[in-house]
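The following exercises are to be worked with the sequence and the structure at hand. Each task is followed by a solution in steps.

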Amino acid sequence: MHILASKLSKTILILLVGGALAACSAPDETETAISTDAPAFNTSLDVTAIMNLVLEPASDILWDSGGWVLDASGYEELYPTTDEGWDYVRAQAAVVVESGNMLALPGRAEDNDAWMIYAEGLSEAGVLAMEAAASHNEEDFFQAGAQLYSVCTACHQAYNPDILDRFDDED
Ligand code: HEC
């Protein structure tokens, strides 16, 4: 009789805990339902606009600020030569970091799979470029630019091979 009573009280305890958990999770479900109804982000700029107006201008500045060019007057170094110059390219790299997040927003992301990996890759390359700019490290800055370029082309190849051709033509 004693054993039965203690088993019974255990069962009641489990039921009580279960009930308490159910009560706790109920408000969460309501919150989720509310937040998916409300538009949390302004995504009126589509992916094409993000590319043309945000990501490409910032990336072009990064690529134009790394490496060397050979012209009539010989080799010209493209890297910034002043603190202000490095600060400026670091700010452009920050735009690239955040562009990764912009592309990952619901309403812009084309899927929850490879697209997200490429978007994250943009941010990662941008962070590397920011770090290299902060330490004025030319070699690391150049490598970050190369990594960035490979993310652009990989995503275009996966999602819009026509863009890949046009994008390469423009260089
Ligand atoms: C997460 C995927 C993704 C990444 C990463 C990405 N793009 Fe794009 N990009 C696209 C898609 C998709 C389009 C085609 C958009 C459309 O439908 O017009 C595009 C189009 C473009 C276009 C052509 C826009 C037009 O007018 O048609 C340019 C330029 C461009 N991207 C530049 C870049 C550059 C530069 C980078 C890297 C710094 C980059 N993109 C990285 C997905 C990506």
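**Exercise 1.** At what angle do α4 and α5 pack, and how far apart are their axes?

*Solution.* The model is a predicted one, in which local features need pLDDT of at least 70 and side-chain atom pairs count only at pLDDT 80 or more, while totals for chains, interfaces and linings use all residues. Residues are numbered from 1 along each chain as its sequence is written.

Step 1. Helices (H or I, at least four residues) and strands (E, at least two) are DSSP runs, numbered from the N terminus. Axes are lines fitted to C-alpha atoms, for helices over the stretch in contact, and angles run from 0 to 180 degrees between N-to-C directions.

Step 2. The angle between α4 and α5 is about 165°, and their axes lie 8 Å apart.

Step 3. α4 and α5 cross in a left-handed manner, that is, with the near helix turned anticlockwise from the far one by less than a right angle.

Step 4. Among the residues that make the contact are Tyr118, Leu122 and Leu128 of α4 and Asp140, Phe141 and Leu148 of α5; two residues are in contact if their C-beta atoms, placed from the backbone, lie within 7 Å. By class, this contact has 15 nonpolar, 3 polar and 1 charged residues. Ala, Val, Leu, Ile, Met, Phe, Trp, Tyr, Cys and Pro count as nonpolar, Asp, Glu, Lys and Arg as charged, and the others, Gly among them, as polar.

**Exercise 2.** Is aspartate 140 buried, partly exposed or exposed?

*Solution.* Step 1. Aspartate 140 is found in helix α5.

Step 1. Aspartate 140 has 16 C-beta neighbours inside 10 Å and so counts as partly exposed. A residue is buried if 20 or more other C-beta atoms, placed from the backbone, lie within 10 Å of its own, exposed if 12 or fewer, and partly exposed in between. In the protein, 19% of the 171 residues count as buried.

Step 2. Apart from neighbours within four places in sequence, aspartate 140 contacts Leu128 and Ala132. Its C-alpha atom is separated by 9.8 Å from that of glycine 66, which is 74 residues away along the chain.

**Exercise 3.** Describe how α3 packs with α4 and with α2.

*Solution.* Step 1. α3 (residues 83-104) and α4 (residues 114-134) pack at about 165°, with axes 8 Å apart. α3 and α4 are therefore roughly antiparallel to each other, and α3 passes α4 in a left-handed crossing. The residues of this contact comprise 17 nonpolar, 5 polar and 2 charged.

Step 1. For α2 and α3 the angle is about 150°, and the axes are 8 Å apart. α2 and α3 are therefore roughly antiparallel to each other. Their contact has 13 nonpolar, 3 polar and no charged residues.

**Exercise 4.** Which helix gives the most to the shell around the ligand?

*Solution.* Step 1. The ligand is surrounded by 21 residues, and the closest are Thr48, Met51, Ser59, Cys152 and Cys155 (a residue is near a molecule if its C-beta atom, placed from the backbone, lies within 6 Å of it).

Step 1. At least two shell residues each come from α2 (47-63), α4, α5 (138-159) and α6 (161-169). α2 gives the most, with 7 residues.

Step 2. The shell divides into 15 nonpolar, 5 polar and 1 charged residues.

Methods
Angles under 35 degrees count as roughly parallel, over 145 as roughly antiparallel, 65 to 115 as roughly perpendicular and the rest as oblique.
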